[in-house]
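My notes follow in the order I took them.

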Amino acid sequence: MIRIEYSPKEGSFHLSNGRVSYLLALAGGHPLHVYFGRVLRAVREDMLSRRAGLTEETFTLHESPLDRLPQECPVFGCGDMREGMLQVRHADGTEALDLKYLRHTVLDGKPALPGLPSARGEGGRTLCLTLRDDESGLEADLYYTLWEDTDVLARSVTLRNTGKTRVTVEKLLSFCLDLEGHDARLLTLQGAWAREREWTERPLVMGDQGTGTVRGASSQQTSPFMALLFPGCTEEMGECLGFALCWSGSFLANVHVDQFGAARVMMGLQPFDFSWLLEPGASFTAPEAYLTWSGEGLGGMSRAFHSLIHRHITRGAFASAPRPILINNWEATYFNFDQQKLLSIAECARDCGIDLFVLDDGWFGHRDSDNSSLGDWTDDLRKLPGGLGALSDSVHALGMKFGLWVEPEMVSPDSALYRAHPDWCIHAGDRIRIEGRHQLVLDMTRPDVREYVFTSIRDALERGKVDYVKWDMNRNINMIGSALLPPERMREFPVRYILGLYRVLEKITSAFPKVLFESCAGGGGRFDLGMMCYMPQAWTSDDTDAWMRCRIQYSTSLVFPPSCMGAHVSAVPNHQTGCVSPLLTRAAVAMGGTYGYEMDPRTWTEEEKETVRALNRQVRAWQEVLFYGDFRRLVSPYGGEACAWMSVSPDRKRAAVTHVFKDGHVNRIPSLLRLTGLRPDADYRVNGLETVCGGDELMARGIPLREPSGNFGAQQFFLEAVE
Ligand code: DGJ
């Protein structure tokens with residue numbers, strides 16, 4: 001049961017879903033933060049003691065106490081000398097704001113955010129707290145949503161200009177959480193192309209720390225996520241707080257530890273290179289953020305995020321359905337293919353039990369390398385004499401589904417589109433147009449560009465009768481400029497770009513409700529909750545090496561479940577790292593994601609084909625558990641030697657466990673892998689073991705591991721409870 005209780009006497013709000021509580025209280029009209037954590041039965045007067053003695057007058061005195069108080073919507077310089085989550089510039093150039101309680105409402109569900117992806121509100125309740133600055137007429141709606149079935153609090157803010165003059169918003173973050181202390185470790189995900197989302201931990205220190213990006217995409221370099229681990233927090237035990245943002249562009253996630261040792265956590269739109277003009281009557285909404293408190297360590301935090309994603313973020317036909325096992329031709333052929341080659345790959349894959357053939361880059365214009373044709377979504381008849389339609393018919397005739405790669409947000413300087421519309425790309429006046437991977441970025445803030453992107457991609461998908469789309473994006477945005485935006489709105493561009501993209505994604509995914517969409521950005525360069533609202537899976541990284549994928553998928557699982565992580569078995573030596581790992585290891589690691597292949601199946605021996613058939617049967621039999629079960633990290637690859645994880649069905653009767661050793665060993669005592677999340681009172685049948693094992697024994701003592709011979713040896717255990 002969700003409770004949102006307002007106590008007029010205390011001026012306090014208590015939100016709870018029976019497992020977590022969030023408390024805030026008004027003082028002099030200012031909303032102060034009181035508590036976020038394990039559920040509380042009641043709010044006692046002394047919990048609100050930081051407010052004691054604070055009156056309306058206290059806040060109008062020269063020395064306002066706000067600098068020392070934990071707040072819900074802080075503003076710099078009006079008593080509080082820390083950076084706030086909101087900054088505006090009034091028409092006269094000043095920036096003071098005195099936001100005070102105006103009203104509150106409690107809503108069933110959760111209102112959709114205009115133009116923004118956000119979690120669905122079913123089963124939730126929302127507190128909307130409206131603050132007002134009387135002097136300017138600026139109002140802020142602070143939204144707080146809790147769900148019955150998910151231990152996550154959603155927060156967002158809408159600013160409304162009810163005054164008579166225009167206001168410039170220079171910073172609007174999605175939430176502030178002021179904590180009393182800073183005895184915690186900060187966990188963020190930092191990386192690069194082919195090394196996305198590396199687990200990065202450090203102690204909180206005085207001053208600013210956190211993560212963020214200005215690249216125009218959530219990026220390979222970081223991720224819109226951070227967590228605070230309190231002393232004693234491990235995978236299974238202890239307390240932590242997790243934060244994630246539903247946004248695909250530049251963002252800021254910051255923790256400021258102030259002079260008193262209090263930590264201010266904030267997250268939202270990147271304020272660098274941002275401002276937004278708010279005319280009288282206009283409003284602006286910040287992306288939704290998710291806050292979770294876990295008393296079951298980092299594992300509990302991740303399971304809360306996974307539950308949010310499965311129950312409230314992903315949508316459409318594939319959100320909670322089985323997904324096809326695919327084969328993608330990229331690493332098999334790169335640009336060097338023709339219809340015959342593709343069909344022989346598809347046929348061979350079909351014979352090995354693969355469901356979906358995906359045609360990657362190089363099918364359009366005259367794209368024989370990455371230096372041309374983006375934007376010209378016309379079939380290359382040299383490679384595909386009958387066009388996409390004929391290829392798709394032939395693939396369908398094999399009994400397979402057909403998928404297609406597109407990169408709709410881009411244009412190659414060598415393209416008919418660019419020659420016809422040189423002003424459709426992002427550019428700064430007459431300055432040189434800096435290319436990335438020989439391409440420029442289309443200006444998604446323009447309605448005509450969005451219309452072209454939608455219609456050209458829609459036509460290609462219809463022509464190709466596609467069942468699956470890989471929506472790629474291979475460079476970041478720089479030298480920002482748009483031919484249509486007026487100068488005073490140019491700093492709105494990074495946000496308007498993503499809002500424009502979201503409009504197109506909404507339209508195209510709604511137009512093809514039966515199609516499975518996968519997002520991609522040069523690997524995992526836009527692996528975020530915003531994209532996940534439109535496309536239920538994303539290509540995790542261009543690095544398909546099994547050990548590198550252990551690292552990347554392990555840390556990605558902090559927020560995202562396996563059902564979101566595009567993962568393929570690829571050839572050895574691996575095309576990115578040159579490492580050689582066994583086929584079974586590559587498959588075991590790909591089962592930690594959506595499972596597919598990215599290699600030439602015609603190179604497989606008969607024995608390998610048999611193995612692939614058996615693997616595909618195994619994936620189908622266990623997909624429900626692998627994708628949608630409770631995910632548990634067991635051994636961290638960031639320690640260097642091994643990696644292990646498992647998924648458990650909700651009734652805890654089935655579990656799939658994977659363990660990978662990095663190196664071969666000899667003459668060591670065999671190790672035991674301790675499992676978690678099983679039923680202690682149940683007995684499990686385990687593949688490869690002669691006798692059944694007790695759940696208690698598997699969790700307390702562990703499951704014996706074979707000594708690995710050779711590098712990258714994987715072992716998988718499939719557990720079924722004996723009735
Ligand atoms: C980057 C993607 O991550 C790859 O999988 C592949 O689709 C290439 N782009 C194609 O250009």
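Entry 1, helix packing. I began with helix H9 (residues 546-556) and H10, whose axes come within 9 Å and cross at roughly 20 degrees. Axes here are lines fitted to C-alpha atoms, for helices over the stretch in contact, and angles run from 0 to 180 degrees between N-to-C directions. Helices (H or I, at least four residues) and strands (E, at least two) are DSSP runs, numbered from the N terminus. H9 and H10 are therefore roughly parallel to each other, a label for angles under 35 degrees. I noted their crossing as left-handed, meaning that the near helix is turned anticlockwise from the far one by less than a right angle, with clockwise giving right-handed.

Before going on I recorded the ground rules. This is a predicted model, in which local features need pLDDT of at least 70 and side-chain atom pairs count only at pLDDT 80 or more, while totals for chains, interfaces and linings use all residues. Residues are numbered from 1 along each chain as its sequence is written, and side-chain values use heavy atoms, with hydrogens and water left out.

Next I followed H10 (residues 583-590) to helix H11 (residues 606-628): their axes come within 11 Å and cross at roughly 20 degrees. H10 and H11 are therefore also roughly parallel, and their crossing is right-handed.

I then looked up helix H3 (residues 339-351) and helix H4 (residues 387-397), which pack at about 25 degrees with axes 10 Å apart. This pair is therefore roughly parallel, with a right-handed crossing.

Most residues other than glycine have a negative phi, and most peptide bonds are trans. I found a cis peptide bond between valine 572 and proline 573, with omega about -10 degrees. Proline 573 sits in the loop between strand S30 (568-570) and H10. Alanine 194, though not a glycine, has a positive phi of about 70 degrees; its loop runs between strand S11 (185-190) and strand S12 (198-203).

Which residues are closest to the ligand? I listed Asp360, Asp361, Lys470, Asp472 and Asp542, out of 13 surrounding residues (a heavy atom within 4 Å). By class the shell has four nonpolar, three polar and six charged residues; Ala, Val, Leu, Ile, Met, Phe, Trp, Tyr, Cys and Pro count as nonpolar, Asp, Glu, Lys and Arg as charged, and the others, Gly among them, as polar.

A polar side-chain atom of aspartate 472 lies 2.7 Å from a ligand nitrogen, and one of arginine 437 lies 2.9 Å from a ligand oxygen.

Note on methods
Polar contact = N/O pair within 3.5 Å; in protein donor to acceptor, adjacent residues only side chain to side chain. Parallel < 35°, antiparallel > 145°, perpendicular 65-115°, else oblique.
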